[in-house]
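Please read the report below alongside the sequence and the three-dimensional view.

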Amino acid sequence: MIATDPSEKLSLYRRIREGDLVIVYERHDSMKAVKVAEGSVLQNRFGVFKHSDWIGKPFGSKVFSNKNGFVYLLAPTPELWTLVLSHRTQILYIADISFVIMYLEIVPGCIVLESGTGSGSLTTSLARAVAPTGHVYTFDFHEQRAVSARVDFEKTGLSRLVTVGVRDIQGEGFPDEFIGRVDSVFLDLPQPWLAIPSAGKMLKPDGALCSFSPCIEQVQRSCETLKTKFTDIRTFEVLLRTYEVKEVRETSCQGDEGGSFKSPPRKKRQHSTEKGNVVEASGPGKIMAKPCGEARGHTGYLTFARLKCLPLKDNQVCSLRSA
Ligand SMILES: C[S@@+](CC[C@H](N)C(=O)[O-])C[C@H]1O[C@@H](n2cnc3c(N)ncnc32)[C@H](O)[C@@H]1O
């Protein structure tokens, strides 16, 4: 389902159609992407679900199986896509992605360069951020990964906003056609310092760059290279603490998720604490929030920098690109 208007595909408010990609949500850690096809069924531990029952329902609907089990049908937003996509590489997750988009000031109409494409996790969010008039040009030197990424962008309806190129960005740099035309550059490469000089040439005056690296040695080397032509160089590590929120009743119960769970042994009522431990609220059923044991720790370092600009006469600006 390739929408003619890319912004339409990103809308959460339309009804499910034949050929749509939906995220079948059982619970927050059990979701999968399914292409809707009249005549097909989805079979899982809750029974058999007919796709024909889904067509015409709004995204977000709760749908039932032949055994009265249920799942939710969610729109394939970049946030959910990041959680269900097939991992062909390490990927960026929501906390890092959000920070990148905010800090690079990526808004509708921006032109963004990215390398490597990898599994397209970040690219999907970049595409939504630049829609409907901007564009993301993403490059990977691995041909099959580029092909798979294009297939995914077709599936998620983003292909009009993204162009995937096959190119060794560390060896050859970005193509000359982008010189001076780009609002931001994002690098997720093993040796980003090799691509930084080219990235600097591509950026508009005052354009911003971000480089993601898992190791601090990569960061140090990148910063060494950045300081000749970039300013405002800053490195961040985004650490996320996730809480599990559950409604707990006295007996074994069916929660508002596809699965059922047993209530834990009754605990004395506790209130919200500064340390953020278990919080129980009164009322019908109890809402419990506790930190997840499996919280992700270090993912990588995000280094941001802005292209230096030289003030010229009569209020013009000039980047060091041409200096
Ligand atoms: C960790 S993955 C990127 C993941 C991506 N940020 C995501 O969120 O899905 C790194 C990618 O860089 C690509 N790569 C490595 N060296 C490269 C180079 N010299 N030129 C272009 N791509 C390269 C790899 O093939 C790999 O797909």
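The text that follows treats a central strand pairing, a pocket, the aromatic contacts and some backbone details.

The model is predicted, with local features requiring pLDDT of at least 70 and side-chain atom pairs counted only at pLDDT 80 or more, while totals for chains, interfaces and linings use all residues. Residues are numbered from 1 along each chain as its sequence is written, and side-chain values use heavy atoms, with hydrogens and water left out.

Helices (H or I, at least four residues) and strands (E, at least two) are DSSP runs, numbered from the N terminus. Strand 10, residues 182-187, is largely enclosed by the rest of the structure, because five of its six residues are buried, where buried means under 20% relative accessible area, exposed over 50% and partly exposed in between, with a 1.4 Å probe and protein chains only. Two strands pair if DSSP finds at least two bridges between them. Strand 7 (residues 111-115) pairs with strand 10 in the parallel sense over four bridges, with S115 opposite L187. Strand 11 (residues 203-213) also pairs with strand 10 in the parallel sense, over five bridges, and here F186 stands opposite C210. Together with helix 7 (residues 196-202), strand 10 and strand 11 make a right-handed β-α-β unit; right-handed here means that, with the strands pointing away from the viewer, the path from the first strand over the helix to the second runs clockwise.

**The second largest pocket**

A pocket is an open set of points on a 1 Å grid over the protein atoms alone, where a 1.4 Å probe fits, with protein on both sides within 12 Å along at least five of seven lines; lining residues have an atom within 4 Å of a point. The second largest pocket holds about 650 Å³ of space, the volume being the space filled by probe spheres set on the points. It is lined by 34 residues, of which T89, Q90, G116, D188 and L189 are the closest to its centre. Strand 7, helix 4 (121-130), strand 8 (135-140) and helix 6 (169-172) are the elements that give two or more residues to this lining.

**Aromatic contacts**

Rings of Phe, Tyr and Trp (its six-membered ring) pair if their centres lie within 6.5 Å, and planes under 30 degrees apart count as stacked, over 60 as edge-to-face and the rest as tilted.

| Pair | Centre to centre | Angle between planes | Geometry |
|---|---|---|---|
| F139 and F174 | 5.8 Å | 70° | edge-to-face |
| F139 and F178 | 6.3 Å | 75° | edge-to-face |

F139 lies in strand 8 and F174 in the loop between helix 6 and strand 10, so this pair ties together parts 35 residues apart in sequence. F178 lies in the loop between helix 6 and strand 10, so its pair with F139 ties together parts 39 residues apart in sequence. F139 and F174 are buried, and F178 is buried as well. Elsewhere, Y25, F64, F70 and Y72 form one aromatic cluster.

**Backbone details**

A cis peptide bond with omega of about -10° joins S115 and G116, and G116 is found in the loop between strand 7 and helix 4. Another cis peptide bond, with omega of about 0°, joins A131 and P132, with P132 in the loop between helix 4 and strand 8. N68, although not a glycine, has a positive phi of about 70°, and at 57% relative accessibility it counts as exposed.
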